[in-house]
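These questions and answers walk a new reader through one chain. Please look over the sequence and the structure first.

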Amino acid sequence: MDAYQLHIAMAALFGASFVAVSAYYMHRKTLNQLLQFAKAIEGNRNGEIEPSDESEDAGEQLRKYISRRKNKARRGQYRRASASSPDVTKISGTGGGDGSDEGEGKKKKNSSLHVDAIPAGLPRLHTFPEGKSGNVSSTRTGRLIRPTSPKSPVASASAFESVEESDDEDNVTDNSKLDYTYLHTSGNLETVPDLLNANDEAMGVTSSSMIRSHSVSGDLHVVQPDPVAADILRKEPEQETFVRMRISPTAIPSPDEAEVYRTIQDCLEMRKGYVFREAIAPWDKEIITDPSTPKPIQNPFDYTSEGKSSHLFQMEDGVVHVYADKDAKERLFPVANATTFFTDLHHILKIISAGNIRTLCHHRLVLLEQKFNLHLMLNAEREFLAQKTAPHRDFYNVRKVDTHVHHSACMNQKHLLRFIKSKLRKEPDKVVIFRDGTYLTLKEVFESLDLTGYDLNVDLLDVHADKSTFHRFDKFNLKYNPCGQSRLREIFLKQDNLIQGRFLAELTKQVFADLSSSKYQMAEYRLSIYGRKMSEWDQLASWIVNNDLYSENVVWLIQIPRLYDVYKGMGIVTSFQNMLDNIFLPLFEVTVDPDSHPQLHLFLKQVVGLDIVDDESKPERRPTKHMPTPAEWTNQFNPAFSYYAYYCYANLYTLNKLRESKGMTFIKFRPHSGEAGDIDHLAATFLTAHNIAHGINLRKSPVLQYLYYLAQIGLAMSPLSNNSLFLDYHRNPFPMFFLRGLNVSLSTDDPLQIHLTKEPLVEEYSIAASVWKLSSCDLCEIARNSVLQSGFSHAFKSHWIGKEYFKREPDGNDIRQTNVPHIRIEFRDAIWREEIQQVYLGKAKFPLYVDP
C-alpha cells in the first residue's frame, strides 16, 4: 500500500470516529433535556421538584423515570389515549391531579403551554379531551378518506384512496369537487354523537359500535375493527346507533326563496288533486295477523256470479261518466276536464323553465347528494355490520320485482331458440299460419324460409339488440321478429293467431316455472291492447283463462301502443274516439255487470296497471287547452303524449272509483315516460301517474327531478335497455338519482333483446353493482323499492318485506325480510322530512303511511 492510500484510510477512520463521538454526545444532551422537561412537568403537577444529579447517567435516569410512571399508572393517575402515542393528556393539562391542586389545574388547563424544550423534528402531538379520545374528528380539506367496505357509489378499492385518484363517471359526484361553499351558506354541518350521556361523558359501547370509520377522523389510533366482530354481532341485535348529520339553516329563507318554495308547494298540491287514491287503504281493509306465506289460490279462474249493479255509464267528450242509475243526472265520480288539465300542465311547464326555480332546485338536489355521500363515509361500516346480523337474508334471497318487462320479450334468446327447435322437432306437421291463401304447417314455414332445425342458432335468430338499434326505435322493434321474419313472430310470440297463442302460452309457463324455482324474483308482465276493436279484451282474457296462465310470482299490466296514426292510415278507426271506445267501454261493462264478460272479470283481478308505450323521440306538437275533442280528432296525425296521458288517466280514474265502490281491484296508471322526447311527457305524468317507466330525461330538468323526489314517484329504470336505444350506460342518471333519494328500482324491459342469462333481473342488478360500485345495502334498498312500487297485493308485500311495510320511518322496515338496515331507512326518511319541511316553510304535515 503506498503512502497516498494510507493517508486516505487514516483520514476516513478519523472522520468516522469524530462523527460517532459527536452523535453520542448530541444524543445524550438531547435525552437529558427531554428528561429534565418531563421531570419539571411532573414536579409542577405534584407540587414538588425532585433534584437531579447531573452526574447520574442518562440511561439510569430514564429507567428511574419509567419506573415512577408505571407505579403511578397502577394507582390510576394516568389515562392513556392510545398505546402507540405519547401520553399528552397530562402535558396538555387535561389530566387530573390531587384535590389540593384543582384550582391550579384549571388555570393550567386554560393557559397556553410552552414546549420550547421539545427538540425539533419530533412529530406534532395530538391532544384528546378526557373521556373522548375515541371520538376524535379532524377536518381535512385536501384529501377525503373513503371506507373500505362495503363498496358504494362513492367508495373505492382502498381505505385510504383519495377522491382525486378515482375514475368516477360524470353522473356520480366526485367528493373532491363538491361545492362546499353552498353547503356552508345553506347551514352548519354538525355530527350528532350517539354515544354521549346527558353529561356529555362517553358511554360504554358494544363491539359493533366500537368500529370507527377511518373516513371520519383519518387517525390510525382509533379502535380498529375486531376480526371476530362479525361472529359476535351475529349473537347481538342490530346496531341501531349511527352518526347522524344535522344541517340546520343559518337563516330563514329569503323572500325570493320563500316564493319559490310556495310555487313548489302549489305543484305538489296540484298532483294530490289529480292522482287516484284509495278511500280505504289496503292495510285497513285486510289486517294481516300472520305474515307467513299467503295460501295459494287453488282455482284462480273459477267464476262466481256477482250480479249487475244499477250504474249507468256513457262516453262524453272522450271520458266515461258514471251515474247512479238511468234516471240520475248527477255524475258520481267527477274528474278534471281536458281544459283544466292542459291549463295546469302549461302552468307546470312554465314553472320548470323559470331560472330562479331551476337554480334553487339544483342546489337542493346537489345538497341531497352530498348528504348521502357524507352518510356513507360516516356509516357505511355500520350498515354493513348491521346486515351481518340479519339471519338468512342476503341480496340473493330478498324479494325483487321486475317492475317493467314486456311479455313478448320476457324470455332470453337461448330460451326462445330452444323452444323453437323443440316444436320443430315434436310438432312439424302442426298447421300454424294462414298466408297468401294457404294454410302452412310449421315444417312448411321453415322450408319456405330455406331453414332447418339444425341451421338455427342464436346468431341466425338475430333478436339481440346491437349497435344498429341505437337511436333507431324502428330497428329495435324489428328485433321482435325471429330470423327477421314477421311470420315467426306471429307463430311464437303472438296470442291472437291461428293456433290461439298456444305456443306463446307454453313458453310463458316455462318462464313462470323459472320464476317459481328462483322463488325470490317476481315480474309484472305487460300485455298489449291496441284499441282496434272491442273484442280484444275478451280475446286476451280467454287466452289467459283457457291456458291457465297464473303464477304467484306474476301480475299483469296492460300496455296501449300510441299508434292512432297507423290505424287511421289503414282505415281501422275514423277518429281517436274510436280507440278510446274500444279500450275503455268493455272495462266499464264488465265492472257494472261481471256476467257480461266472465273471463275478463277473472283476468282483471290480476291486472294492476295501465301503460302507454311507443317511441317517445318522435316529434310532436305540444297540446293547448283548446285542443279538439277525441271525436273531432279525425286527421292523420298522432296526438301528443300528454293528450294520450290525459284521456287514459281520466277514464282510469272514473273506472277505479266505480270498481272501488263495488269492492273490486284497481288499475293504476303507470306509463312509459321520459325515455326520450320532450320534457312535457314527465310534466304530464307528474300530475297523473302513480309510477313511471324509465324517467331518464329527469336529468334535464332539476325542477321536475326535485318534484319527483318530494312526491316519491316510483321510477322503474332499465339502464341496459337505455344503453341499447337512447343513452350510453356510463351516462345513465340512475346512480345520481339513487344517491339523491329518488324512488328508483331496476327492471329489465326486454330480456329477449338485451339480456344473456337465465335470470335477467339478477343480471341487471349485477351489472349495475359492478359498474357503479353499489354495495349490498344499496342493492337491497333498490329491491325493497321494487316491491313497494309493484302492484302485488297487501298480503304478499306483508310477507315479502314485513307486516308493517306501509309505515314511514324505520318502523316500516323489517331487516329480517328486506336486509336493509334501519340506519339507511332512517337516514332516507329524515332527509326527506327535512326537505318537505323546507319546502313548506316549517309547516309541513307528514302522513303516517306511504302511498299505497
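Q: In this predicted model, what percentage of the residues in the chain is buried?
A: The model is predicted, not experimental. A residue counts as buried when its relative accessible area is under 20%. The chain has 852 residues, and the buried share of them is 52%.

Q: How many helices and how many strands does the chain have?
A: The secondary structure contains both kinds of element. The strands come to 15 and the helices to 32.

Q: What share of the contacts with a separation of 6 or more comes from residues 24 or more positions apart?
A: Contact here means heavy atoms within 4.5 Å. Among the contacts in the chain with a separation of 6 or more, residues 24 or more positions apart account for 73%.

Q: What part of the accessible surface belongs to carbon and sulfur atoms?
A: The accessible surface of the chain is about 40,000 Å². Of this surface, the part belonging to carbon and sulfur atoms is 53%.

Q: How many residues of helix H18 are buried?
A: Helix H18 spans residues 536-546 and is mostly covered. Its buried residues include Trp 537, Leu 540, Trp 543 and Ile 544. The cover over the buried residues of H18 includes H17, H20 and strand S8 (521-528). Of the 11 residues in H18, the number buried is eight.

Q: Which residue with a positive phi follows H18?
A: The phi in question is near 55°. The residue that follows H18 with this phi is Asp 548.

Q: Is Lys 423, the partner of Glu 506 in a salt bridge, buried or exposed?
A: The closest N and O atoms of Lys 423 and Glu 506 are 2.5 Å apart. The pair links distant parts of the chain, with Lys 423 in helix H12 (residues 413-426) and Glu 506 in helix H17 (residues 502-518), 83 residues apart. Glu 506 has a relative accessible area of 24%, so this residue is partly exposed. Lys 423 has a relative accessible area of 8%, so this residue is buried.

Q: Where in the chain is Glu 427, the partner of Arg 502?
A: Arg 502 and Glu 427 form a salt bridge at 2.6 Å, N to O. The two residues lie 75 residues apart, in distant parts of the chain. Arg 502 is in helix H17, while Glu 427 is in the loop between H12 and strand S6 (431-435).

Q: Why does Glu 278 count as buried?
A: Glu 278 forms a salt bridge with Lys 285, with the closest N and O atoms 3.9 Å apart. Lys 285 counts as partly exposed because its relative accessibility is 48%. Glu 278 counts as buried because its relative accessibility is 16%.

Q: Why is the pair of Tyr 564 and Phe 576 edge-to-face?
A: The structure holds 43 aromatic pairs. The ring centres of Tyr 564 and Phe 576 are 6.0 Å apart. Planes over 60 degrees apart count as edge-to-face. The pair is edge-to-face because its planes are at 75°.

Q: Which residue lies over the face of Phe 846?
A: In another part of the chain, Lys 400 lies over the face of Phe 395, at 4.8 Å from the ring centre. Over the face of Phe 846, at 4.8 Å from the ring centre, lies Arg 833.

Terms used: Residues are numbered from 1 along each chain as its sequence is written. This is a predicted model: local features need pLDDT of at least 70, side-chain atom pairs count only at pLDDT 80 or more; totals for chains, interfaces and linings use all residues. Side-chain values use heavy atoms; hydrogens and water are left out. A salt bridge is a side-chain nitrogen of Lys or Arg within 4 Å of a carboxyl oxygen of Asp or Glu. Buried means under 20% relative accessible area, exposed over 50%, partly exposed in between (1.4 Å probe, protein chains only). Helices (H or I, at least four residues) and strands (E, at least two) are DSSP runs, numbered from the N terminus. Rings of Phe, Tyr and Trp (its six-membered ring) pair if their centres lie within 6.5 Å; planes under 30 degrees apart count as stacked, over 60 as edge-to-face and the rest as tilted. A charge sits over a ring if NZ of Lys or CZ of Arg is within 6 Å of the ring centre and within 35 degrees of the ring normal. Accessible areas come from the Shrake-Rupley method with a 1.4 Å probe; for residues, only the protein chains shown count as cover.
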